[in-house]
Amino acid sequence: MNLQPPDRRNATSPYEKPDRRRRARSRADYSTRRSSPRYWSDFPVQIVVGAGKSQTAYSGTARDVSDGGLLVESREIPAGTKRVRLHFEVPDGILPEEYHHGAMDVVADVRRHDAAKGYWGLQFVEPLSQRLARSTWALLRWLAIVLLAGAIATTLFLKYENYQFFWYDAPLFFYSILVGGYLVSRFVFAAFYRNPPPLSETPPVTLLVPAFNEEKQIERTIRQVMNLEYPADKLQVIVIDDGSTDGTPAAIARARALYPEVESIRFSPGRGKRHALAAGVQRATGAFIVFIDSDSFLEPDAVRRLLDHFADPEVAAVTGHCDVENVWTNALTKMQSVRYYVAFRIMKAAESVFDSITCLSGPLACYRRERLLEVLDAWETQTFLGRPATFGDDRSLTNLLLRRGHKVRYAEKAQCTTLVPEDHRTFLRQQLRWKRSWFRESLVACAFMWKKQPLMAVSFYLGFLLPLVAPLVVVRALVLVPLLQAVWPINYVAGVLVMSAMISSVYLLVKRSRLWLYGVMFCFYYMFVLVWQLPIAVLTFAETGWGTRSKAEI
Amino acid sequence: MKKLSIALQWLVVAALAALALQPFIKGRPLPERQPETWRNWQGFMALSYAGVGIGAPETYPTPKRMAEQLAALHAAGYRTITPADALAFLEGRRPLPPKALLLLLEGGRKDSVVFTAKPFRKTGFCGTLCLPTRLLDARGAFFLRSGDLHRVAKMKFWSFAGMGHAAIDEIPVGPGDEKGHFLTRRAWTNAGLESPEAFRERVAADYANCRDAIAQTVGETPLAYVYPFADAGQGPEADPDAEAINREEVAKHFQLAFVEADQPFNGPGADPHALQRWRVPGNATGAELVRRLEQFAPRANAAGDLRDAGAWQGVGKVHFSGAGAKFAPGAAAWIRGSDNWSDVDVTATLRLGADAVAALYARHVSAQSFLRVTLAPAGLRVQERTAGGLRTLYESPDPLPANEPVTVRLRVKGARAWLWRGAEQLAGPLPLAARRAPGRVGLAAETGAFRAQACRAQPLEAALAVAADLERVPAENRDAFQALIAPLAGSSADVAQAWRRTLLAAAAQGVEIVPRLVATDAATALADLRALREDPIFRSLIGRVAATAPSAELLQGLHDSKLAVVAVVPAAAAAQGSFDAQGLRPDDWILVDGDETETLAALDRLLAVFPADRTAAFLDSARSRELGIAPAVRYEP
């Protein structure tokens, strides 16, 4: 394991500094010793010693930062200094996004001083979270509430207007009423989502990590998996190298050198993700089997929080919450950050209320072994129109479980991050693949979703039909009406704005991040760009290629 | 618990489905229309709006104000009609709802539709969109476009009227920058001022283009036309022939045309191509609007108090005070609610200014149709103007002094008029035109100024009497009715002589005699009548003939003889629907004969298809007035 400080210039996501020990083995419950994580950093800090006329400013570099303090490298600060005043601005990507709100001016006490290395361990008198909670976060919270309330009120008002003028354009207004109702229902249902109480048991768990050409991330993935707050003797980790042609095998080997308990399987040539996972399942010994992606970075308590939901014996599978790892790369990744959050915390949470989420996400999903084995063969050998199904693995497996009447849920507190595409070409190809799998598997699910709870069934069919009609509505609003009537699509744009406000305000409320505005941007990106992929996906959904096999780089 | 959850969810799904499908469940909202209950033959009011919007509230009511006005009108009992309803009424085919309103929204603006959608749905009102058809292809969202009209037409709350094609444009009318209205000014071209023929052709083409554009877009030919700029050629800047040309051409392309007027009422005798529309002030509250309309409503009681300015509709400078009204040159004032009066007794005391000519109108339909007394220094004249021109029926040789009060009284009953100056009867009965339309009563300063010290006008009840002959009717009652229906038994010389005497005596008293045919077969009855009408006295004094339940053959024969018919209909038969009024013509009358109960039942059927102002029945005056019909009185030996 390479413990040299990573390059934090142009950071795209926080990089948590590992505990001094490789596993949190010092505690019986394997919980972390730290109250808050520390993140690698490399940014200038001004350190002011003294007060009034006797104050002196020195410069230093922050080598790590946390909510509670800084590790500053500076040989200028006089020895014996007990308290300093710090001026700094944490660059984007160093800390979790809710901390990035401009320059900071804080008072800190000196906790330790390594004169040889020039390191000063500084503890903030007031943690950053407390400070932000008093000011910026409080303001953002109110802004979010006002925005969300306003967006919902505006939506309801617009739907009321749709009723008033219904017969003026019945098809359009009926569609608009359904879309508005569907969207609001997501938020309403998601509000009913509740996390179960923590499970005290620690059953044996197998964690499967399929990898294909992931030389840059695989080590970190494995490291974070091995840092999970879970008893080592109850955790089996299997890495499956599915025919990688880059340095992935070597990276896996390095990781195994550090963590010999990690098992590995290698296929050459590769057999595809499903077969890789199926092979892992065959070797698994755990009562619960966790699938993650090779670029998924799990929070230490992710597995515990997944297992909380299995206290209900009818639960067959649980998906975790996935955020974007490379948030700060560019506007595209920032948009996806908001999109991911809403897709999980609103959309999946809304489905989870009815124990019927429609997609156990690839980055993090946990299965009850017996239930998984019931469907494994069918999943592995699934064909579509006579050809092997090579994408939509997650949706397909979810459908098999749902069809059997099992409960499938979402665990908000089981958190991980994943890398998302950083260029539009890769992103669009990924989205097209996702739309194909969505369409195909949704068609399959149409056959049995009516048996689910009534509100879930109605939501599913609406959620399937409305997006199919969307391109027609967009063509009318953005092409036909402006061209033929020279009427600017103000109403349509206003509608998208209201919808984006609803989505972004939730992000703002929870994340307290200035990235919320990218939710607005994403909605417009979807309505003006992504929506056109849907007809293409519908017409080409029988294609089997992945389209995107390359991964974004950190 | 799970079952409860499922049950609750089904309830929620059902409620949401009901909510989402509510428009389909409720069905397309329709305006409130119950034509089978309509019995109003008095007329309708045409209200026009320039649009609905924000800004210039005097002209354009705000959406809130518009909703308030419509709600107030609905609460006050007003009901809306379409141009088709108005046309059927004017043609005497169908009655209207009580307090009938025709709402005209001008300009083809989208905000008119948008901001009236909710109030219309709440009140059940409908409106007429007046479309300048050139704007149907205008780019932008302000005006209604062809696609919009398709959808608006489906909403059933709207009819469509024309408002010109290029007629909304102003055109060059002179060599400089001078601009004028398309329909009323001759255009200035490269070759100079266009010829009258070219002007007529351009105007005619515009009417045709407007009508055709609407017909092609909504699939229905519009019936009504509204003049853009409220200019039908009557203004001082218009080309001298503009009004007449527009009048002729609009009649070729539209069946109704509306001009802007100072009051909105249109009675059964209104000119269909010069119907009045009144622009509603945008900032009027609902209560104010209802109050104004009540002033315009037809009235049946005496009126004309000069101390009450609200009882008059002034045009030009008229100043009302406790001492009367002062009329500036060219000013006029009309008694509100007198538009439907036919027979009237009006008295006015006027004080003329130097060289002033004042007029007391007993019936003013338009500048081409009126009955008046003019007071000038040279004396009094009674004049009647009809389509045949202006006739002076009487001219007094005595001059009238200036600045001294002169009281004149004009009584009009049927086709006769009488004139008094003070207590002295100067003339009468003066013969009036046989066919005449009701019109309003008022005063006008034709030239110069005058002061009116007093005025009183009383509509006379159009009662019918039924008796064996005139002698059966007490003398003191003879003034109370306009026509006497007496049986005509045969055409012998004795009968002819008796009738001659009766006709002359009645004419002298201004009473029309309507012979009632008693022969049982049509041929005999017609033969009797023909024989009698060889006498010129009979021919000139008999304009109507009564017959009991006349057959189609008899009706045809009478109509061919250019006689109007009073169809005496047994009430019992009419109540059961066995009398068909289809064969009757616009001048014909119906007299319902029966007891009160049967009569009321018969009238309920008949008034659905026959005008009340040409219907009589043996009911008391109060009930007759309520129904809008003429009372009939039977004088038995």
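Domain 1 of chain B and domain 3 of chain B have C-alpha centres 41 Å apart; the domain bounds come from an automatic or database domain assignment. This is a predicted model, in which local features need pLDDT of at least 70 and side-chain atom pairs count only at pLDDT 80 or more, while totals for chains, interfaces and linings use all residues; side-chain values use heavy atoms, with hydrogens and water left out. Residues are numbered from 1 along each chain as its sequence is written, and chains are lettered from A and ligands numbered from 1 in the order in which they are written.

**Domains 1 and 3 of chain B**

- Chain B is divided into domain 1 (2–168 + 222–235 + 257–296), domain 2 (309–459) and domain 3 (463–634).
- In domain 1 of chain B, 8 residues are in contact with 9 residues of domain 3 of chain B (contact means heavy atoms within 4.5 Å).
- These two domains bury about 640 Å² between them, 52% of it from carbon and sulfur atoms; buried area is the accessible area (1.4 Å probe) that two parts lose on being put together, summed over both.
- B:Arg39, B:Trp41 and B:Gly92 supply 73% of the area that domain 1 of chain B buries against domain 3 of chain B, more than any other three residues.
- B:Arg39 also forms a salt bridge with B:Asp604, with the closest N and O atoms 3.5 Å apart (a salt bridge is a side-chain nitrogen of Lys or Arg within 4 Å of a carboxyl oxygen of Asp or Glu).
- The rule finds 1 salt bridge across this domain interface.

**Chain A against chain B**

- Between the chains, 24 residues of chain A are in contact with 28 residues of chain B.
- The area buried between chain A and chain B is about 2,300 Å², and carbon and sulfur atoms give 63% of it.
- On the chain A side, A:Trp167, A:Tyr168 and A:Pro454 lose the most area to chain B, together 33% of what that side buries.
- The rule finds 2 salt bridges across the interface of chain A and chain B; A:Glu161 and B:Lys118 meet in a salt bridge through their side chains (3.2 Å, N to O).

**Helices of chain A at the interface**

- Helix 2 (136–164), helix 3 (170–191) and helix 12 (454–485) of chain A each give two or more residues to the side that touches chain B; helices (H or I, at least four residues) are DSSP runs, numbered from the N terminus.
- Helix 12 of chain A gives the most to that side, with 9 residues.
- A:Ala486, with a positive phi near 55 degrees, follows helix 12 of chain A.
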